[in-house]
Amino acid sequence: MTKLLDVKNLNVDFRTPLGRVHALRDINFSITKGKIVGIVGESGSGKSTIIWTITQLLAKNAIVKSGVANFNGMDLLKADNDTIRGIRGEKISMVFQDPMTSQSPVLTYAQQMNDIMYRKNELSSQEKREKAIAMMRRVGIPDPESRIDQYPHQFSGGMRQRAGIAMSMLVEPSLLIADEPTTALDVTMEAQIIHLIRELQKETDTTIMVVSHNLGLIAELCDEVIIMYAGEILETGKIEEIYSNPSHPYTQALLACDPARESKKTRTLSVIPGDIPDSHIKPKGCVFASRCELAVQHCRTEKPENYRISRSNHLAKCHLLDPKKPLPKPQSNFKKIPKTKISSERFSHKDKEKLLKVNNIRVQFPIMTKLKAKLKGINDPYVDAVFNASLSLERGETLGLVGESGSGKTTLGRAILGLVRTKSGSAEYNGRDLCQLNSREFKPLRRNMAMMFQDPVGSLSPRQTVRSLMVEPFKIHGIEKNYDEEAKRLCETVRLPENFLSRYPHELSGGQARRVGVARALALNPEFIIADEPTAGLDVSVQGEILNLMNDLQDEHGIAYLVISHNLPVVRHISDKLAIMYLGRLIETGDSANIFEKPAHPYTEALVNGIPQPDPKKRRKLLSIEGEIPSLTSRPLGCEFHPRCKYVQKKCKFDPPSIKTLSDGREVLCHFPLQT
Amino acid sequence: MWSYLLKRILLSVLIVFLAILALFITLHSIPGDPISIALGPRATPEIQAEYAARMHLDKPLYHQFVIFIGNVLKGDLGNDLFSNRSVLLILSEQLPYTIVLAVTAIGWSALIGIPLGCLSAVKPNSLLDKITGIVSVGTIAIPSFLVSIWAILIFSVGLKWLPVIGAGEPGDFGDQIYHLILPAFAVGLGWVGYLARMVRASMLEVMSENYIRSANAFGLKSRTIIFKYALKVAILPTITLIGVGFGALLSGTVFAEIIFSRPGIGKIIYNMVLARNFPVIQGAVLITIGMYVIVTLIADLAVSWLDPRVRDTL
């Protein structure tokens, strides 16, 4: 049990125009050789700052105030430039969050990998190339001999991350740091990458440090966990102990917030009320006290110590665990948030009126210019982004549209709103076909439908105040109202304090910006809202608030939602019905609970099984799905899912399946559905 | 790739055509009668009519334009009003001097400006960066004719190192280079500043990209990171700028050519404007436009070829 990395008493500040930010305070942790250690925290917790501190790659405005990072008997924080450069990429190597932006766009993989091995003088350039090819093959890149001469943009997202892992493993590091290694990837890719990292760790016995906000990923991958919050470590220990006996109230709350943990459909999700504290001010007491439901006076004034929970190294920093002061053992009631409504009651009074009926919508995109197509002799330079999709939505109902990136889910949403031209098909909304309307005819209808956009902050104009953003919909549709009153009403509806009205978007947190987005969507009392990835970019503790808000608003106003998302656990919580998309086709539609319980299409099954469970006891032994989504330009023959399907039969390879209706009313596009 | 190339070439042809049209219209909207300018005030109506018929000036305007375009396509840019020599011949004698001057000027300023911008971006706010900043603004702000005069005063009159005027003995390569130094210095100096600032700005942007951080995290040498990983991307907008700059210099060397008494396109345009020698002006402007379009096309193609992301989409 030797310690590979031992960090003691680390304090890091950032100089900012608004004063010093105390980004890391009294960080103590160690990493045992041969283990996978996860650092978990929400945005602003300082988890990435730890990585950049120990590799001396911090931004220029950072100051390391104190601390020791002992790595193999050497203090990394005191190492001079050449020494640390010699350690980076030799002893410590990294896998980055976004493989697209973290690999050079103008150099081939062969060149980049050759550069990484520049210190290995004993190898000839031919040997280096062979080594790189072997490593690419090891991480599962098909045909590495030729693909090594390609550029990153010629790889798909999953393949790019595999190449990123290959690059980091080339130097045979003793410590591998993975910074959010799967955040930019789809669920099925995420599962494959987790699997790959675990295998590589077993083969090479490398020590790995994984930084992530994703509790499921950490549970699947790690041996030990470090829980961080607002620049401090709150709890550390073995993965099983932390997940089965979370001792710090923050850990308990965080675990309770993860929608993947609840397997049943609950209408209300747990949240952690409040915001992360301002790190310009050093907290006097416990850093979590302002949001902790169990906090006592003591917590706000005095710093808690680390208390040992079990004989192993399970430590938590909370006053309530002090053995000398007998307080009730913290048993948080975060999970016991009263469930106000039960889903079956919700629609009993509804008249089940059809609001939207989408029939065989087809959307095509050109893949080359007309001139280029002419020159190449291609008559049909189009791909089908959406292929004959049919959906229906009733008033006050939520439909979840799920698919991996590139499945056409966003395009379908945009087609319904008339933002992309459809080739054929119709979208009947209150009896009118939206696809046939021109933009002037569409405008009055837009009062009844609204869109929540993907990027909460980016979709708000940076130069407008919250008030002017909120009343903008009235102005667009020329509705004369008392704007001040309307803004206040909307603030109240989305539970945003009124003094936020004079703020600008950059002064809002992700969750607050998302509320403004909800308020804008709600301004005109729409009956239908399309929400594109409503929780993307939000922390787990905040995403629950948004989902609960959407839910409450539905109950109050009877709004119908079309929720577009790749995040299955989120969709499961708010959807009544689900539609799963693959390569532009809907492959399974029907009741959400049924689909999750008994998936009928093999792809749905793979997706459902692909959700990493925040429970280290439920680690998967086998991969649920292999391979990648094929390109839209070369759709497979027969059933388009057959190259990745584990139940594939001869018929699937030649005959395209037709839609089958199951006994519970679900529609499945499969020759051999798993349910009947 | 080929369709992109074809499209760009067609576009370039269109630009040249529109430029010719604009030139034609401008020349015909200038007050004054080309016939009386050509023949002088004392020419008899018979001579004027004979001249008009010979020059097709009696035909309607659109017909004249068609004839003009046809002649341009045949390479006939008309004759000098005074010497009656072929304009194309006159220009082809002058053009090499201008091209050589422009290439040398842009060349040396790129050799100095790009590394300077690079170094100041690598260490922003360092002493070198501050000096580069001041020098860049200075060289951009000082007009090139002033630089020319000062350079002559210092290096030719004062130090007597370099010759003042002329382009050197034809055929004597060394002498020609000797005569090229001062004009190239004067013309290129401003471009050092431009290029340094441009490269600095795009390098700063690229140096904050994630892949530079990755390269650092893999412990690559600073030199590799700066020149192979960062500059390769940061140079792309600069190449476009160099293309445009080279085009601008083809007609922008006029000051240097006059002050140093060098032959060249700028010089000839200047002289012929004073002499109202319209066919030569017209031809020179046409040649300049053509060169400009070709150079920008090459620069654009080079940029898209160097960036593999763009290359694949062509």
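1. Packing of H1(B) and H4(B). In this predicted model, the axes of helix H1 (residues 2-29) of chain B and helix H4 (residues 61-74) of chain B cross at roughly 130 degrees and come within 11 Å. That makes H1(B) oblique to H4(B). Angles under 35 degrees count as roughly parallel, over 145 as roughly antiparallel, 65 to 115 as roughly perpendicular and the rest as oblique. Axes are fitted to C-alpha atoms, for helices over the stretch in contact, with angles from 0 to 180 degrees between N-to-C directions. Helices are DSSP runs (H or I, at least four residues) numbered from the N terminus.

2. Residues in that contact. Ile20(B), Phe24(B) and His28(B) of H1(B) meet Leu61(B), Phe65(B), Phe68(B), Ile69(B) and Val72(B) of H4(B); contact requires C-beta atoms, placed from the backbone, within 7 Å. By class there are 7 nonpolar, 1 polar and no charged residues. Ala, Val, Leu, Ile, Met, Phe, Trp, Tyr, Cys and Pro count as nonpolar, Asp, Glu, Lys and Arg as charged, and the others, Gly among them, as polar.

3. Chain B against chain A. The contact takes 20 residues from chain B and 25 residues from chain A. On the chain B side, H9(B) gives the most, with 6 residues. That side divides into 8 nonpolar, 6 polar and 6 charged residues.

4. Domains of chain B. An automatic or database assignment divides chain B into domain 1 (24-74) and domain 2 (93-313). Their centres, taken over C-alpha atoms, are separated by 40 Å. Each domain gives 4 residues to the contact.

5. Conventions. Residues are numbered from 1 along each chain as its sequence is written, and chains are lettered from A and ligands numbered from 1 in the order in which they are written. Local features need pLDDT of at least 70, side-chain atom pairs count only at pLDDT 80 or more, and totals for chains, interfaces and linings use all residues.

Methods
Helix = DSSP H or I, 4+ residues; strand = E, 2+ residues; numbered from the N terminus. Contact = placed C-beta atoms within 7 Å.
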